[in-house]
Amino acid sequence: MGRYAIRRLLQLIPVLLGTTFLINFMVWQLPGDPFAARCGQRACPDSYISAMREQFGLDQPMLVQYWHFLKNLLSGDLGVNFNQVSVASQLADAWPITIRLGLMAVAIEAIIGIAAGVLSGLKRGGFIDNVITISTLVMLSLPIFVTGFILQWLLGVQLQWINPTVSDAATVGELLIPAFVLASLNLAFTARLTRTSIVENRRSDYVRTAVSKGMTNRRVVGVHLLRNSLIPALTFLGTEIGSLMSGAIVTEGIFNIHGIGGLLFTAINNHDFTIVVPVASLLVLVYLLANLLVDLLYGVLDPRIRYE
């Protein structure tokens, strides 16, 4: 497995280079000048626009800009944004909040989603199965922003169980409801995937063999059935980690969370590529590493999977 992990890490390099190049290329192709409208109601002087374009390298060819971006990224020097504020310091303040929110959302998806899917699959056709199926259908039919506004209004405004907005400290308690909102869609998908996998694997030969050997139901489910049934759900959770980070933009906007989502949203509105490009690149890196971790976990869940 060690050689496989090293080989996969090496494969990430051209993928990361290709995606970051595309990100820079798309930003470079955006219409308009990001500095032309930064002087309020009046037009910005040509001297100001020229000076800003020179400072941020927009007067250079795209390949030269991309080369400077890679050097700065590897050295950790991301420069300043259009307001002359350090990009690295803004990311350092915002990333811990978003990572905390994302990890809580993944934990909610994994714990509640898998537990609900297992329970629904084992009680197929029963009352519990019907309740879980209807609940997941409701969650799938509601976009994240609708779920967020409903819970914010109900729990924060009407019942006053939570603060409608999250403070700058963004504690775990404050992030619990936003994390549930962020995880709501994927939680429902995880539950349905797990249920389907449980139902299919219950009819497998290895389950019937384990039962015929006299194993207890708990051991059959926990040791044999669950480990094989978790692979589809684990695959889905791994691929959705990157989308959780990007989906946090909506959730952070609803609950006024000062994380990477709010920072990215403001940067997009201001056409500030100095923040958009490194944030998008870091999201790509998180997505690639999450997929690598999922692939390595396959061998832990299913002994039949071997990496060479």
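What does the accessible surface of the chain come to, and what percentage of it belongs to carbon and sulfur atoms? The accessible surface is about 16800 Å², and 66% of this belongs to carbon and sulfur atoms. Areas were computed by the Shrake-Rupley method with a 1.4 Å probe; for residues, only the protein chains shown count as cover. The model is predicted: local features need pLDDT of at least 70, side-chain atom pairs count only at pLDDT 80 or more, and totals for chains, interfaces and linings use all residues. Residues are numbered from 1 along each chain as its sequence is written, and side-chain values use heavy atoms, with hydrogens and water left out.

The chain holds 11 helices and zero strands. Helices (H or I, at least four residues) and strands (E, at least two) are DSSP runs, numbered from the N terminus. Of the 308 residues, 42% are buried. Buried means under 20% relative accessible area, exposed over 50%, and partly exposed in between (1.4 Å probe, protein chains only). Contacts are heavy atoms within 4.5 Å. Among contacts with a separation of 6 or more, 76% join residues 24 or more positions apart.

The largest nonpolar core has 24 residues. Such a core is a set of buried Ala, Val, Leu, Ile, Met, Phe, Trp, Tyr and Cys residues joined through side-chain atoms within 4.5 Å. Leu101, Leu175, Phe255 and Ile257 touch the most other members. Helix 4 (87–122), helix 6, helix 7 (172–201) and helix 9 (217–254) each supply at least two residues. Helix 7 gives the largest share, eight residues. Beyond its neighbours within four places in sequence, Ile257 contacts Ile97, Leu101, Val166, Leu175, Pro178, Thr251 and Glu252. A second, separate core has 19 residues, including Cys44, Met52, Phe56 and Phe69.

Helix 10 spans residues 260–269. Its residues Ile260, Gly261, Leu263, Leu264 and Ala267 are buried. Seen down the helix axis, the buried residues fall within an arc of 160°, so they line one face of helix 10. The arc is that of the directions from the helix axis to the C-beta atoms. His271 follows helix 10 and has a positive phi, near 55°.

A nonpolar patch lies on the surface. Trp153, Leu154, Val157, Leu159 and Trp161 form this patch, with about 550 Å² of accessible area together. Patch residues have over 30% relative accessible area and no salt bridge; like charges are joined within 9 Å, and nonpolar side chains (Val, Leu, Ile, Met, Phe, Trp, Tyr) within 5 Å. A salt bridge is a side-chain nitrogen of Lys or Arg within 4 Å of a carboxyl oxygen of Asp or Glu. Val157 lies in helix 6 (residues 144–158). Val157 is partly exposed, at 44% relative accessible area.
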